[in-house]
Amino acid sequence: MKSKIHLFIAVLGISLIISCNCNTKTENLMKEKNIVTDEQLDFLGITHKDKLSAASKRALKWPMDLGNEWFFEYKVEDLKGDLAYEEGVVRRDPSAMIKHDGKYYVWYSKSVGPTDGFAGDIETSKVFPWDRCDIWYATSEDGITWKEEGIAVARGEKGSYDDRSVFTVEIMEWEGVYYLCYQTVGGPYNVRVKNQVGLAWSNSINGPWTKSEEPILSPANNGIWKGDKQDRFAVEKKGDFDSHKVHDPCILPYKGKFYLYYKGEQMGEQITFGGRQIRHGVAIADNPKGPYIKSEYNPISNSGHEICVWPYNGGIASLITTDGPEKNTVQWSPDGINFEIMGVVKGAPHAIGLNRTVDNDKNPTEILRWGLTHEYKSYDYQYIRGFKTWNVINHKAKGE
Ligand code: AAL
C-alpha cells in the first residue's frame with residue numbers, strides 16, 4: 001500500500017511539474033539533461049546541489065516562472081432579493097451567468113419542502129433536495145440583487161424521461177439561439193435509477209423553451225447490477241465510469257464543434273482517495289442539438305465533482321473540486337481532452353455558476369473573479385450565494 005501511495009504522489013508531482021508553463025525550449029532541454037543553474041538553486045534555496053532530496057529534485061523540474069495566476073483564494077457572500085435564502089425552498093446548482101439587455105441571467109434547480117430520503121414510499125416522497133425540481137431563472141443588474149422571473153423548463157409529463165426532476169442546468173448561447181442542458185430523472189426515483197441529460201432551446205432568452213424529445217446523453221450501458229434489491233453498490237460489473245449517471249452537463253462551443261463536458265457516476269461507486277469515485281467525460285457534436293458522441297479518451301479527469309470549464313488560451317481550463325486525488329486543482333488542456341494540473345487551491349466554491357461575460361484570456365482564472373455558487377443551509381435546504389476569488393500577489397506583515 002505504501003508503495004502505491006508513493007507512486008501516486010510521484011505521479012501527481014510529475015503532472016504538476018509537466019503542467020506548469022515551461023517558458024523556453026532551453027529551459028526544457030536543461031531539465032531533460034538535468035542541468036541545474038545557480039539561479040535555480042538560489043531561487044529554491046538549495047545549498048548542496050549534490051545532496052538533493054526527492055522534494056528538491058521535483059522542485060528543480062519546476063519552471064522559474066511558476067504562474068501564480070493559476071492559484072487563487074476565495075470567499076462566499078450572501079445574495080439579495082429573490083435569491084437570498086428562503087425557508088422551505090431549495091435553490092441550487094446555478095448555471096453560468098450571461099448578459100442580455102444590461103442584465104445578468106442565471107438558471108437553477110428549484111424545489112420546495114424537506115427531503116424524505118429513500119426509506120419511505122418513493123412514489124410520493126422527495127428523495128433528494130434535487131428531486132422534484134424544475135428549472136427556474138432570475139435576472140440582476142449587478143449580480144448581487146436578483147429578481148426571480150419564473151419557470152424556464154418544467155418536469156415532463158408522466159411517462160416521459162424527465163417526468164420526475166429536471167435540474168443542474170447550464171446555458172449556452174450560439175448564433176442567436178439559447179440552449180439549456182440539464183440533468184433529468186424519470187420516476188420512480190430509486191437508488192438505481194439512471195440519470196440522463198436533456199436539452200431545451202429558444203430564440204429568446206426568456207423562452208418559451210422547446211425540449212428535446214429524447215435525452216442528448218445517457219449513461220454507458222455496460223454495467224451489471226447484482227440481484228434485484230435496490231442497492232446501488234451491489235454490482236456484478238461496474239461498467240464505464242458513467243454507467244449509472246451522467247450529470248452536470250456543460251456545453252462549450254470549441255474548435256468548430258460542441259463539447260459537452262459532464263460528470264459520470266459509476267454503478268457500484270466506491271470510496272477512493274478519501275472521497276467519492278467521480279470522474280469527468282466529454283461528448284462531442286457537430287451541432288448544438290447533437291448527436292453527442294462520447295470521446296474514446298474518457299474519462300478525461302479522474303477527480304472532481306460539478307463541471308466548471310472555460311476556454312483559455314486556445315484550450316479549455318477546468319476547476320476540479322471535491323473528489324479524487326486531484327481535487328482542488330485548476331487544470332488546462334490544449335485540446336479540450338488532455339488536462340494537466342496548472343494550479344492547486346486550498347478549496348473552491350462548489351457547483352460554480354461562472355461569469356461568462358468576461359474576457360477569459362486576461363488571466364487564466366479571470367472568469368473566477370466573481371460568480372455564483374450554492375451552499376447547504378442544512379441537508380434539506382440549499383441556497384444560491386455569490387463568491388469572489390483573487391490571486392495572491394503578496395504576503396506582508398502588518399505595517400510592512
Ligand atoms: C450536484 C450535482 C448534481 C447531483 C446533485 C445535483 O452538485 O453534482 O446535481 O445530481 O449534486
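Predicted model: local features only at pLDDT ≥ 70, side-chain atom pairs only at ≥ 80, totals over all residues.
Student: Which residues lie nearest the centre of the largest pocket?

Tutor: The largest pocket holds about 560 Å³ of space. Its lining comprises 32 residues. Those that lie nearest the centre are Arg92, Trp130, Arg276, His305 and Tyr376.

Student: Which strand gives the largest share of the lining of the largest pocket?

Tutor: Several elements give two or more residues to this lining, among them strand 1 (73–77), strand 8 (165–174) and strand 14 (245–254). Strand 15 (257–265) and strand 24 (370–376) also belong to that group. The largest share, 4 residues, comes from strand 24.

Student: How many charged residues does the lining of the largest pocket have?

Tutor: Sorted by class, the lining of the largest pocket contains 12 nonpolar and 9 polar residues. The charged residues in this lining number 11.

Student: Which residue has a side-chain N or O atom 2.6 Å from an oxygen atom of the ligand?

Tutor: The residues around the ligand include Arg92, Trp130, Thr168, Asp248 and His305. A polar side-chain atom of His305 is 3.4 Å from a ligand oxygen atom, and for a side-chain N or O atom of Asp248 the distance to a ligand oxygen is 2.7 Å. The distance of 2.6 Å belongs to the side chain of Thr168.

Student: Which strands each supply at least two residues to the lining of the largest cavity?

Tutor: By the rule applied, the model has 5 cavities of 30 Å³ or more, and the largest cavity contains about 100 Å³ of space. Its lining includes Thr168, Val169, Asp248 and Pro249, and divides into 7 nonpolar, 1 polar and 4 charged residues. The strands that each supply at least two of the lining residues are strand 8 and strand 14.

Student: How many charged residues are in the lining of the second largest cavity?

Tutor: The second largest cavity contains about 60 Å³ of space. Among the residues that line it are Tyr261, His280, Ile307 and Phe339. By class, this lining has 6 nonpolar and 4 polar residues, and the number of charged residues is none.

Student: Why is strand 25 largely enclosed by the rest of the structure?

Tutor: Strand 25 spans residues 382–390, and burial here means under 20% relative accessible area. Because 7 of its 9 residues are buried, the rest of the structure largely encloses strand 25. The number that decides the matter is therefore 7 of 9.

Student: How many bridges join strand 24 to strand 25?

Tutor: Strand 25 runs antiparallel to strand 1, to which 5 bridges join it; there, Glu73 stands opposite Trp390. A hairpin through 5 residues joins strand 24 to strand 25, and Trp370 has Lys388 as its bridge partner. Strand 24 and strand 25 run antiparallel, and the number of bridges joining them is 7.

Student: Which residue in strand 10 stands opposite Tyr182?

Tutor: Strand 9 (residues 177–185) pairs with strand 10 (residues 196–202) in the antiparallel sense, over 7 bridges. The residue in strand 10 that stands opposite Tyr182 is Gly198.

Terms used: Residues numbered from 1 in each chain as written. Heavy atoms only, no water. 1 Å grid on protein atoms, 1.4 Å probe; cavity = no way out; pocket = protein on both sides within 12 Å on 5 of 7 lines; lining within 4 Å. Points joined across faces, edges and corners; volume = space filled by probe spheres on them. Nonpolar A, V, L, I, M, F, W, Y, C, P; charged D, E, K, R; others polar. Buried < 20%, exposed > 50% of the residue type's maximum accessible area, 1.4 Å probe, protein only. Pairing = 2+ DSSP bridges. Near = heavy atom within 4 Å. Polar contact = N/O pair within 3.5 Å; in protein donor to acceptor, adjacent residues only side chain to side chain.
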